[in-house]
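I wrote down what I looked up, step by step.

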Amino acid sequence: MADTYLQIIFWAFFVLMAIAGVRVVTSRNVIHAALYLVATLLGAASMYVLLYAEFVAWVQVLVYVGAVVVLMLFGLMLTRAPIGSANFDNNQRLVAAVCAGLLFAVTSFILVRAFDGQEIDFTSTEGTKVQSIGEAIFSIYVLPFEIVSVLLLAALVGAVVISRRDEGPVED
Amino acid sequence: MPVAYFLVLSALLFSIGVYGVLARQHAVLVLLSVELMLNAANINLVAFSAMLGEAGVPGQVFALFVIAVAAAEVGVGLAIVILIYRNRRSVDIDEMSLMKW
Amino acid sequence: MGGDGVNALFLAAEQIEGVEVTRTGLFPDLMWLVPLLPALSFIAILFFGKKFPDKGHSVGILAIGVAFLLSLAGFIDLVTGAQTVEKHWVWYELETLELTFGMNYDFLTGLMFVVVTFISLLVQIYSTGYMHDDERYSWFYAALSLFTASMLLLVTSDNLILMLVGWEGVGVCSYFLIGHYWEEKPNSSAAIKAFITTRIGDVGFMFGIFALFILAGTFNITEINHLAEEGAIAGPSLTIAALLLFCGAIGKSAQFPLHVWLPDAMAGPTPVSALIHAATMVVAGIYLVARLFPVFEFASGGVPLEVVGVIAAITMLIAAFLALIQDDIKRVLAYSTISQLAYMFAGLAVGVFTAGIFHLLTHAVFKALLFLGAGSVIHAVHSNNMSDMGGLRKYMPATFKTYIIGSLALAGIFPLAGFFSKDEIIGGALRAGIDGTRATAWIVFASALITAFITALYTARMCIKTFWGEYRGHGEPHESPGSMTSPLWVLGGLTLVVGFLGFPVIGVFKYWLFAEGEVAHEFELLYNVVLPVITVGGALIAFFLAYKWFYRNEWRFDFRKTSFGWMYGFAERKYYLDDLYLGGVVKPIQYPLAAATYWANQHVIDGIVNGTARGTIGAASGTYRADQGVVDFGVNGAAGLTNFSGGLLRYIQSGNVQRYAAVLFASIAIFVAVFAFA
């Protein structure tokens, strides 16, 4: 019974995410595309909750939806995104579709074949403790953690430097 | 529930992201598609972490890292797009073909 | 020492033992440097001479100076017991023949080295003054250096072919240097005459070399000498070979009948005369005979040496007579040289090998002195003729004093150099005549004695006419600069002392240089007292006669009016030898032969040359067409193909990132599929 509920929820969100994803890449309105992305990301967050990964879900919402998409919207605005509909597809649509289709077919086939019969155990009642995530980060994965923080710093500085306007020499 | 369902979902989202990267003309829309692809990878990771139960915590850890890296990448990518826009008054990728023969 | 069979010819007093070899010396090994240094200086002066501030004479003098010091060191080493050196290096080898580049350093070579480098050094120093304003100064020094190098090569070479190279080298340099003032036709004619006359002798020389090669199978001098000594090669062929070699010596050393070039060679600058025609090149012939002495000695019991003796006897007499009637001071000296060279040959011929070479040494010293002194006089008076000179002892004291020393030496006055050497030769001729070892010895003796008298006579005449009396020329003569007089003093000093090397019985020269089988003699009354008294007495009588005839102008009679007057005309025309050669040899060659050669050249040779040229042009144009059509087509085709394929391939690079990405993803998909399913 519980399993059935699970499946219904899963398939609901599956369809939601699929449709939203397709709309991201085919929408004629850039703002709509960004918003459809929000829908996809929220759908993904719900999946995480389903999969006992609440912390990741909330981080997803905070960072992705809250920061990244907002950043995208800023980018759209700063580059004078056309309001209203316009055609944003280039001439490669057929090739792209073929490529994407091929990729989907191959990867899904392989993945299904590789993990055939393996199940996720939904019998547990508790989600993953944040404590254990914290322990993992700060003991085993402390080095990647530090590197990622340096990476963020670099990205920050890089973004500032790249988008700086050219200024003349400082007048004394 | 077979883990394969989640894997197929992730593959689907990834492919949709690939289509977007290849087919979209607007630079920011390409970046959106890239986010889609990264999300697909995240779903994959978390699904495996759930499959492994107690030992699957590293999956979630990596998912967090991916989110952080994605954020960094978006920041820099948008900075570049804005710079291109400033120089060329356009974000049409088809026009950015200086390396054309 | 071998050669016992010949010793019977000599009455032995005692054999001469040479310097005992006790060690290997340092310097004899380095003697290959000695010809090399002047050769290098030749090249340096030739290419860079004009760029030097002093026009290159310092290079020449430096090279020669170092060569001289090395020669001296090497000779001293030899004299104090070092080993003689033979080195060679094979240059080209055939089955039957081996050409080597080899050096043989022994006493004879060592002595020649010292003489050549020393005189050459003095001449080069002298020339800095004498040739000072000459327009071809650098070339002059270059030619002098080349000459010195060739002469040194000649005396050190250990095989006949290399010696021939040196021989020709000195000949060609003589040509260059005699013709130094070639703007005047007589000078260039004199150069050609010298070259061609010696060339005629060289033909004989070359045939002699070939004959020896056929007999002995080798060109190596040491081997040939050994074979001659042992009698392995003998008979009439050896005699003929020796006589042919002697032809070369006749040409190069200006003996009768090929002596005609030497007086005319005085047209060259005086330093050249001093170097080449007094001390070095003309002694090449004597060196040849000395070096190949066993060949001469052992061929049919010494027949070549008899011939040498006869020619020497004739030459010394006729040359001395001619010297008596010359007005040009250099010509006097030239004929004197011919005469003295004959003395040296005579010495070799009668069996006093040591004395002959000793006379070479002393003659080199005092003849060079006399020539350089004559040059000094000519430089002051601006004329070669003694009729323009006179009374110069007041104006040119240094030249006068040194000249007198040289003249006394030439005349053979005790105790100067010429006395000892000349007397040894005359004594040797006498002894050979008395002992009967040489058939022609009495001819040589008589000739030598008379020539000694005449030598004193013409020498005194020359000095009186130049230095005494009243000055008959133009202007005011003055002494020459230091660069010219210092060599004179050096040579004057040497003339005084070098004679003592060959002092009879006790002189040390004989230990250095001797022929196999030669003997040293104890003090004997006849040879060591009576004979010198006769010769010196004769010389003094000649001085007296000269004084009376030329200074006081007394006792003179017009020789031409007597019944022997025709002899004077005969002598004046140099015995009509020059005319004989001109009419009998030169003209027949010049006219018909030259015309025929010219025709052949124009029609035959030029025809071949032109035909070859046309053929080459045709081949070239054919090659050109082939190049254009075939080769270029290939090259252009390859380029065109590259162009075409590039044109196709460039479409891949669209510049569109998404297209690249499409290719990327498609490839990934395909790879994954392949790896997963294959």
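This is a predicted model: local features need pLDDT of at least 70, side-chain atom pairs count only at pLDDT 80 or more; totals for chains, interfaces and linings use all residues.

Entry 1, the contact between chains. I found nine residues from chain C and nine residues from chain A in the contact. I then sorted the side of chain C that touches chain A, and its residues divide into seven nonpolar, one polar and one charged.

How many helices and strands does chain A have? I noted six helices and zero strands. Read along the sequence, the pattern is α-α-α-α-α-α. Chain A has 172 residues, and buried residues make up 28% of them. I also looked at contacts in chain A between residues at least 6 apart in sequence, and 58% of these join residues at least 24 apart.

I took helix α9 (residues 236-252) and helix α14 (residues 303-324) of chain C, whose axes come within 9 Å and cross at roughly 30°. I recorded the crossing of α9(C) and α14(C) as right-handed.

Which residues meet here? From α9(C) I listed Thr239(C), Ala242(C), Leu243(C), Phe246(C) and Ile250(C). Facing them from α14(C) are Val303(C), Pro304(C), Val307(C), Val308(C) and Ile311(C). I sorted the residues of this contact into nine nonpolar, one polar and no charged.

I checked the length of α21(C), residues 482-498. Its 17 residues at 1.5 Å a residue should span 24 Å, and the end C-alpha atoms are 24 Å apart, so the two values agree. Next I looked up the buried residues of α21(C), among them Met484(C), Pro487(C), Leu488(C), Leu491(C), Leu494(C) and Val498(C). Thr485(C), Gly492(C) and Thr495(C) are also on the buried list. What do the buried residues of α21(C) pack against? I noted α4 (107-130), α16 (353-381), α18 (397-411) and α19 (417-435), which belong to chain C.

I located Ile541(C) in helix α22 (residues 525-551) of chain C. Why does Ile541(C) count as partly exposed? I found 13 C-beta neighbours inside 10 Å of Ile541(C). A residue needs 20 or more to be buried and 12 or fewer to be exposed, so 13 falls in between. Last, I looked at Ile541(C) and Ala456(C), which are 85 residues apart along the chain, and their C-alpha atoms are separated by 8.7 Å.

Note on methods: Residues are numbered from 1 along each chain as its sequence is written. Chains are lettered from A and ligands numbered from 1 in the order in which they are written. Helices (H or I, at least four residues) and strands (E, at least two) are DSSP runs, numbered from the N terminus. Two residues are in contact if their C-beta atoms, placed from the backbone, lie within 7 Å. Axes are lines fitted to C-alpha atoms, for helices over the stretch in contact, and angles run from 0 to 180 degrees between N-to-C directions. A crossing is left-handed if the near helix is turned anticlockwise from the far one by less than a right angle, and right-handed if clockwise. Ala, Val, Leu, Ile, Met, Phe, Trp, Tyr, Cys and Pro count as nonpolar, Asp, Glu, Lys and Arg as charged, and the others, Gly among them, as polar. The expected span of a helix is 1.5 Å times one less than its number of residues.
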